[in-house]
Amino acid sequence: MASAVSLLLSSPRPLHRAAPSLLSPPAARARLPLLGPSSAAALLPRRPHGLLAPPPRANNDNSDAVGAPDRLVAAVAYLYPFLDGAHHGRFLVAQYPVFNAVLSPLGPAARLFHSSPLTPFLLFITLYFAVVRNQQAFSRFVRFNAMQAVALDVLLIVPDLLAQSFAPSGGGIGLDIFTSLENTVFLFLLVSLVYGGGACLLGITPRLPIVADAAERQVM
């Protein structure tokens, strides 16, 4: 896989039961003796003095109160698929040098990411087993976004195989189609990084196309 360093220099309350006389058939109700207000009140179960009705159950959904550490960890996770697939933007960066200035802050992260051939694999294992599957240490917000980043990186297998197998050796329409596909992959990764990371920093759960449903099934 080509290096990305040169481009960048991842419960409701139950209903009260109705009175038995209201649920009885009409004939049965006719046989019941008529009770006055005081007699009817005597038949009702007495509630201990001072005992109030239980308050409604509190809402335990904390999705609107995501802490700053969770936001930061979830946002950083989207750097992983971007750094792993940034080489798909070599044509776009060469054509539009403005991307060099936009992506230059990611240079140190890119150098660290490509410092060893094992680094991408180790990050994959760390994200999936140490974050996505670790319900005790990380909230669902972090685990869902980490799973989206992992799923997005898995999708990069397809364009990587196409680039290695069908890269045109000369010019012509074949090179134009190949360049367009490479640019599309890079822009999709860039938009996913900006949208996913930005939404996480704001405490909002982003849902990326293609990978959101897969991530939802993996995160319990």
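**Reading salt bridges and a buried helix face**

R140, R207, D213 and E216 are linked in a network of salt bridges.

Me: Before we start, what kind of model is this?
Reply: It's a predicted model, where local features need pLDDT of at least 70, side-chain atom pairs count only at pLDDT 80 or more, and totals for chains, interfaces and linings use all residues. Residues are numbered from 1 along each chain as its sequence is written, and side-chain values use heavy atoms, with hydrogens and water left out.

Me: Okay, how many salt bridges does the structure hold?
Reply: General idea: a salt bridge is a side-chain nitrogen of Lys or Arg within 4 Å of a carboxyl oxygen of Asp or Glu. Here there are four. One of them joins E216 and R140 at 2.3 Å, N to O. E216 sits in helix 14 (residues 212-218) and R140 in helix 11, so this pair ties together parts 76 residues apart in sequence. Another joins R207 and D213 at 3.1 Å.

Me: You said "helix 14". What counts as a helix?
Reply: Helices (H or I, at least four residues) and strands (E, at least two) are DSSP runs, numbered from the N terminus. This protein chain has 14 helices and zero strands.

Me: Is E182 buried or exposed?
Reply: Buried means under 20% relative accessible area, exposed over 50%, and partly exposed in between (1.4 Å probe, protein chains only). E182 is buried, at 3%. The side chain of E182 meets that of R90 in a salt bridge of 3.0 Å, N to O. R90 is partly exposed, at 34%.

Me: Why would buried residues in a helix share a side?
Reply: An α-helix has 3.6 residues a turn, so residues three or four places apart point the same way. Now try helix 12 (residues 157-166), where P159, D160 and A163 are buried. They're on the same side because they cover an arc of only 105 degrees around the axis (taken from the directions from the helix axis to the C-beta atoms). On the other side, V158, S165 and F166 are exposed.

Me: What do the buried residues of helix 12 pack against?
Reply: Helix 11 (140-155) and helix 13 (173-201), with contact meaning heavy atoms within 4.5 Å.

Me: Which side chains make polar contacts with D160?
Reply: A polar contact is a pair of N or O atoms within 3.5 Å; within protein, one must be able to donate a hydrogen and the other to accept it, and residues adjacent in sequence count only if both atoms are side-chain atoms. The D160 side chain has one with H87 at 3.2 Å and one with H88 at 2.7 Å.
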